[in-house]
Amino acid sequence: MRARARSSSATQSIPDNTATTVTFNQAVFDTVGLLNTSTSELVVPSTGRVTGAWQVHAQITWDNAAAGGRDVVIQQNAVTIAHSHVLGSNDDLTLNVLILVNDPNPGTTFRVRALQTSGSPLNLLTEPENTFFEIIHLW
């Protein structure tokens, strides 16, 4: 079982100093319906074999802005389980967060949240090679 999701919009604006759920509303592939497009969450199915290791990976790319910091987190059932931080840059910045989760319960949800402190709203570059969210059941 595996899924990769992306945003269907050209950009997503993240307000200054406000944690925001990153929009993932289009499946690049989704073998068993793991993507909930209305909540931008990947959901462990309630049927089938779900025990074992799951790899959860998020990549987001920020538009350039030298000021402040950039954060991305993966949350499991609305609790942060992985985090990445970098300072601003005059170049676009890509952050990756990857975590292995063992034996999640059926219905467990995963989402990506972004935070930035550049002093004004800042865009994520949402082309599928720049910003995506994926889950793979490794068995």
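## Close-up views of an all-strand chain

**View 1. Thr20 is buried, with a relative accessible area of 15%.** Here buried stands for under 20% relative accessible area, exposed for over 50% and partly exposed for values in between (1.4 Å probe, protein chains only). This is a predicted model, in which local features need pLDDT of at least 70 and side-chain atom pairs count only at pLDDT 80 or more, while totals for chains, interfaces and linings use all residues. Residues are numbered from 1 along each chain as its sequence is written, and side-chain values use heavy atoms, with hydrogens and water left out. Thr20 belongs to strand E3; strands (E, at least two residues) and helices (H or I, at least four) are DSSP runs, numbered from the N terminus. Leaving out residues up to four places away in sequence, Thr20 touches Gln12, Ile14, Pro15, Val112, Arg113 and Ala114, a contact being heavy atoms within 4.5 Å. The Thr20 side chain also reaches the backbone oxygen of Thr18 at 2.9 Å. Such a polar contact is a pair of N or O atoms within 3.5 Å; within protein, one must be able to donate a hydrogen and the other to accept it, and residues adjacent in sequence count only if both atoms are side-chain atoms.

**View 2. One aromatic pair turns up in a search of the whole structure.** The ring centres of Phe24 and Phe133 lie 5.5 Å apart with their planes at 40 degrees, so this pair is tilted. Phe24 sits in the loop between strand E3 (20–21) and strand E4 (26–30), and Phe133 in strand E13 (residues 132–137), so the pair ties together parts 109 residues apart in sequence. Rings of Phe, Tyr and Trp (its six-membered ring) pair if their centres lie within 6.5 Å; planes under 30 degrees apart are stacked, over 60 edge-to-face and the rest tilted. Phe24 and Phe133 are both buried.

View 3. Look for the charged end of Arg2 over the ring of Phe29, 4.4 Å from the ring centre. Arg4 lies over the face of Phe132, at 3.9 Å from its ring centre. A charge sits over a ring if NZ of Lys or CZ of Arg is within 6 Å of the ring centre and within 35 degrees of the ring normal.

**View 4. Strand E7 (residues 53–62) pairs with E10 in the antiparallel sense over ten bridges.** Strands pair if DSSP finds at least two bridges between them. Two bridges link E7 to antiparallel strand E12 (residues 122–125), where Trp62 stands opposite Leu124. Nine of the ten E7 residues are buried, so the rest of the structure largely encloses this strand.

**View 5. Strand E10 (residues 93–102) has a covered face and an uncovered one.** Leu93, Leu95, Val97, Ile99 and Val101 form the covered face, whereas Thr94, Asn96, Leu98, Leu100 and Asn102 form the uncovered one. Ser84, in strand E9 (residues 79–89), is buried at 17% relative accessibility. Beyond its neighbours within four places in sequence, Ser84 is in contact with Arg70, Asp71, Val72, Leu95, Asn96 and Val97.
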